[in-house]
Amino acid sequence: PNKVIIIGAGIAGIAAAIRLTVKGYQAEVFEANAYPGGKLTEFDQQGYRFDAGPSLFTMPQYVDELFLLAGKDPREYFNYQKLNRVCNYFYEDGTQLTAYADVNNLALEIAGNTDTAIEDVLAHAAKSQKIYAITNHVFLERSLHRLKTYLRWDTLRSIWKLRGIDAGRTMHKANKSFFKDDRVVQLFNRYATYNGSNPYKAPATLNVIPHLEQHYGTYFPQGGMYSITASLVKLAEDLGVKFTYNAAVSDIVVEGGKTAGITLDGAFVPANIVVSNTDIWFTYKKLLKKYPALHPKKILNQQRSSSALIFYWGISKQFEKLDLHNIFFSADYEAEFKHIWEQKNIYHDPTIYLNVTAKYNPEDAPDGHENWFVMINVPANEGQDWDTLIAAARKNVIDKLTRLLGQDIAGLIQCESILDPRSIESRTSSYQGSLYGTSSNNKFAAFLRHANRSGKVNNLYCCGGSVHPGGGIPLCLLSAKIVSDWVPDV
Ligand code: FAD
């Protein structure tokens, strides 16, 4: 009676398995790939190690919480260090600056390199913190789809203060009101891309994100991002969770309005509770294809977040100017986002994100070399001619890095792999290859995401980046927490 099946070993699926096991359920995870982690995975290539997907680690307490919940010492499984320097920024006009974790140092750095007063940066940080204080309880840590949430005093208070969350204007408009220097506006607009959104459309509420970085910090997990997946799988296995790989579930079986189990390789596997960690689009279109009357059409038609094009390069040189996280900005950010969101193609001068884990984990590259994860934001997959777009983008990225680093980059590339919207979709069943489920380009987006349980099928729950509260590792971990709060005690 206490059997739970979890479809997908993405980070939220693993977290849900841990939480439900602690709650007394017997959890089994079926994963289509031969490995766990979904987007949060790694691979090796000619002596280099690469984290394949996420590279920025925030809110590590949500990972620690899972070990503590299970009565284990997190440090026996998993460790991480706080970064003092969050990101190095490079601009086409030659400006370079370092974003420090400490907000006062950040303000000094920005004021020292741009036409900005220290107070303006601090005022922006204060606003960011204010938005966090109002939104945190309502939008992130609880289900928005449960009456109980609205009856809590702090939720009511948050709703009362909703004007303070700045949802009436775009991020860009809000940032323009704080800063007259376009380089600084661009720096803060970039936070929209943390959930695959467009700063010229997304509500200024997303200006909460810098607060999360400044207040809670950014971290580097020992051994790289993949150690988050590896340590949580180890914890789950220690607790008795069973993982079956190369196991693509074909159907969720519904009987009498509730889940009866799943179908795998044509065989029925019964369960009392099913948790889908599959993208919500595929949960309905594939796993519940036999029950079209149950499909929430409005939710499935929501705009998806952007996708990414990533070049994983082994580089035969070390660059002192580079840190773990580096950004090379486009000269015209608005034009870049018009290409991503309106023309649905790739701008000729894209903003480049360059991640080098070898800066913190030297064994990730041979001596004197660096492992470069070179990513640009691109539209979700709607059948574009990706091969042509990628070939042009590759040249533009190499030219831009060559220009801004003052060094011929093409000649340093020793090996290469490429991930694009098509392969993100095929490897992780992420509809259109979107990185973060649905976009936040709409001020109602937070309320429009699919809930963490089905309103129509009893005992069916959903977790992961395409459902409430949204994409990114911390939010995926919270989605598993909300699922566990919904599931009745054994
Ligand atoms: P997913 O990772 O989407 O995994 C779902 C799993 O379900 C997959 O393993 C899939 O194979 C499996 N599955 C699907 N269908 C079936 C089926 N029918 N049967 C069995 N198994 C199935 N987040 C951050 O916090 N920081 C970052 O810096 C960051 N950068 C990113 C960069 C890239 C390139 C990408 C791709 C994502 C990034 N993200 C980042 C987002 C983050 O990776 C995701 O939000 C998160 O990992 C999604 O986790 P999930 O639980 O939704 O599962």
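**Group meeting: the ligand shell and a pocket**

Okay, of the 36 residues around the ligand, the nearest are Glu31, Lys39, Gly465, Gly472 and Ile473; "around" means a heavy atom within 4 Å of the ligand. Quick housekeeping: this is a predicted model, where local features need pLDDT of at least 70, side-chain atom pairs count only at pLDDT 80 or more, and totals for chains, interfaces and linings use all residues. Numbering runs from 1 along each chain as its sequence is written, and side-chain values use heavy atoms, with hydrogens and water left out.

So what sort of residues make up that shell? We get 17 nonpolar, 15 polar and four charged, with Ala, Val, Leu, Ile, Met, Phe, Trp, Tyr, Cys and Pro as nonpolar, Asp, Glu, Lys and Arg as charged, and the others, Gly among them, as polar.

Now the polar contacts, meaning N or O pairs within 3.5 Å. A backbone N or O of Ala12 sits 2.9 Å from a ligand oxygen. Ala32 has a polar backbone atom 3.0 Å from a ligand nitrogen. With Asn277, a polar side-chain atom lies 3.0 Å from an oxygen of the ligand.

On its own the ligand exposes 1,000 Å², and the protein buries 95% of that (Shrake-Rupley, 1.4 Å probe). Among helices (DSSP H or I runs of at least four residues, numbered from the N terminus), α17 gives the shell the most, three residues.

Last stop: which residues lie closest to the centre of the second largest pocket? Of its 17 lining residues, they're Asp182, Gln186, Ala331, Asp332 and Tyr333. That lining divides into six nonpolar, four polar and seven charged.

Notes: 1 Å grid on protein atoms, 1.4 Å probe; cavity = no way out; pocket = protein on both sides within 12 Å on 5 of 7 lines; lining within 4 Å. Polar contact = N/O pair within 3.5 Å; in protein donor to acceptor, adjacent residues only side chain to side chain. Helix = DSSP H or I, 4+ residues; strand = E, 2+ residues; numbered from the N terminus.
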